[in-house]
Amino acid sequence: MIRRPENECPPPRLKLQTDTAITDQKDHPLTAFPFTEATPVQFHGPLPKTSEVVIVGGGIIGVMTALFLARRNVSVTLLEKGRIAAEQSSRNWGWIRQQGRDADELPIVIEACRLWRQLAEECGEDIGLRQTGVTYLARTDKELADFAEFLKIAEAHGVDTRLLDSDEVAELIPGMSRRFGGGMTTPSDMRAEPWIAVPAIARLAAREGVNIVENCAARRLDLSGGRISGVWTEKGRVATSNVLVASGAWTSLFLRAHGVSIPQLSVRLTVAATGPMPEIHAGAATDEHIAFRRRQDGGYTLAPGGSHQLYVGPDAFRHLTKYLTALKANPFGTRYLPAAPRGYPDAWSTPRKWDADAESPFERMRVLNPAPEASGLRAIDRGFRDLFPQFKQVPIKASWAGMIDAMPDVVPVVDRVPAIPGLVIATGMSGHGFGIGPGMGRVLSDLIQGNAPGHDLNRFRLSRFTDGSPIRPGPAI
Ligand SMILES: Cc1cc2nc3c(=O)[nH]c(=O)nc-3n(C[C@H](O)[C@H](O)[C@H](O)COP(=O)(O)OP(=O)(O)OC[C@H]3O[C@@H](n4cnc5c(N)ncnc54)[C@H](O)[C@@H]3O)c2cc1C
């Protein structure tokens, strides 16, 4: 346990973003997905002999936790098998939403929104943070009833969510071909550019003392007398007594090798980015067919509303019973594919055991880069043109997919592992970990230090899957 008094935290360095940075982004619109294994390494370490905390995984969760620990003068090493943010944390839609959150996540995401504003200033580069709102469009009475349920939660936390009638929807997003029955909007929700923001925050963290080592897979935990004593990596061993596993879609594979089982599966989601287009709406919005979000470079990030695929592997069978509630609620929401491509976390041929001195599945796949699904791309094209027929063509400039680390109840595990003192898990953000990332990072930094986390984490406890509690899915809205 590492305790640092609050007042040891250095004051944030404030620097306002410049117009130059904004212009730069507009002059360089996205033409291809920005991360591959060929992307030059930015963070070289080196791997230290010892570190007070080691974090496995350089996505938004790992990066933010590392930043907060460094601000408390804790020595922290962040291990990333590939490139910072190259998996989910760059592939996401860039929505920072309080809207539609689980009641226990909402206070953390409210804190996250405050932290995002601070980060946008501290990074010293434009991360594309804009308060442009998030809007859900409803076709059915059931959707409207779900929105009304969330409104009660939002109001209890002082969030500015409001319901919209049909005319208000048409006024908020003009030019849509269809009349919606109503909608829900949260004007204080934001957007940011994921592949710009997370590396920028990592650079901030490195400037504040975090030792980031890219191209460095953690292979195994080193345990002495049942406690954490170090981490074996592909570049050698780091002695430590505190490890955070924030490894996204790889977490379950990593933990299972140490006897810790979590019912995590990963599902593929396809995304497309248009080139610059006239502005139809400055924020983010979705109905059941299409999700869209204005980007800083003048294009739109698009995705087919609510469609994803699960590659069936050993974990899908192992955890099937835990997912029955979700399956009953939405039996046709997932398309099943018989086997994941070679090297994926739950592929049939992926080894489940490996030695610390031999190559592990993690360095064999530095960047999990699933192919976008052809039918998903067709659905995007159709969905966007149907809604905005004024665009005869959708100028798609890039497409990609990401593997979402899903949990049966659509909320993460954020907890210590009682069986292995020194081990903390933060995973299963279930498709909404980008927006909440800064809040989770702050919470985790306190959890690791043995401080009160400031929010009730009971909902996110590891034992909920084994203590006989019923699976209680969070809102899938
Ligand atoms: C298509 C898509 C759209 C989404 N849209 C949104 C959105 O609009 N808003 C939102 O809030 N969320 C969204 N999400 C979810 C969000 O992106 C994730 O919840 C979030 O990025 C998870 O962050 P993470 O740090 O937990 O995991 P990741 O970003 O996946 O990072 C985990 C990292 O760990 C590394 N790693 C794994 N194993 C090891 C190892 N053994 N050693 C070293 N490194 C390792 C991986 O290489 C990876 O970089 C979306 C996700 C996807 C895929």
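**Notes on the predicted model**

1. I start with a single residue. Glu149 lies in helix α5, which covers residues 141–156. Please keep in mind that this is a predicted model.

2. Is Glu149 buried, exposed or partly exposed? Its relative accessibility is 47%. The partly exposed class runs between the buried limit, under 20%, and the exposed one, over 50%, so Glu149 counts as partly exposed.

3. Glu149 can also be placed relative to Cys113. The two residues are 36 apart along the chain, and 22 Å separates their C-alpha atoms.

4. Turning to the whole chain, the protein contains 13 helices and 21 strands. Helix α5, with Glu149 in it, spans residues 141–156.

5. On overall dimensions, the C-alpha trace extends about 65 × 50 × 45 Å along its principal axes.

6. As for burial, 59% of the 477 residues count as buried. The protein exposes about 18,700 Å², and 55% of that comes from carbon and sulfur atoms.

7. Contacts were counted between residues at least 6 apart in sequence; of these, 76% join residues at least 24 apart.

Key
Residues numbered from 1 in each chain as written. Predicted model: local features only at pLDDT ≥ 70, side-chain atom pairs only at ≥ 80, totals over all residues. Heavy atoms only, no water. Helix = DSSP H or I, 4+ residues; strand = E, 2+ residues; numbered from the N terminus. Buried < 20%, exposed > 50% of the residue type's maximum accessible area, 1.4 Å probe, protein only. Contact = heavy atoms within 4.5 Å. Areas by Shrake-Rupley, 256 points an atom, 1.4 Å probe, with all protein chains shown as cover.
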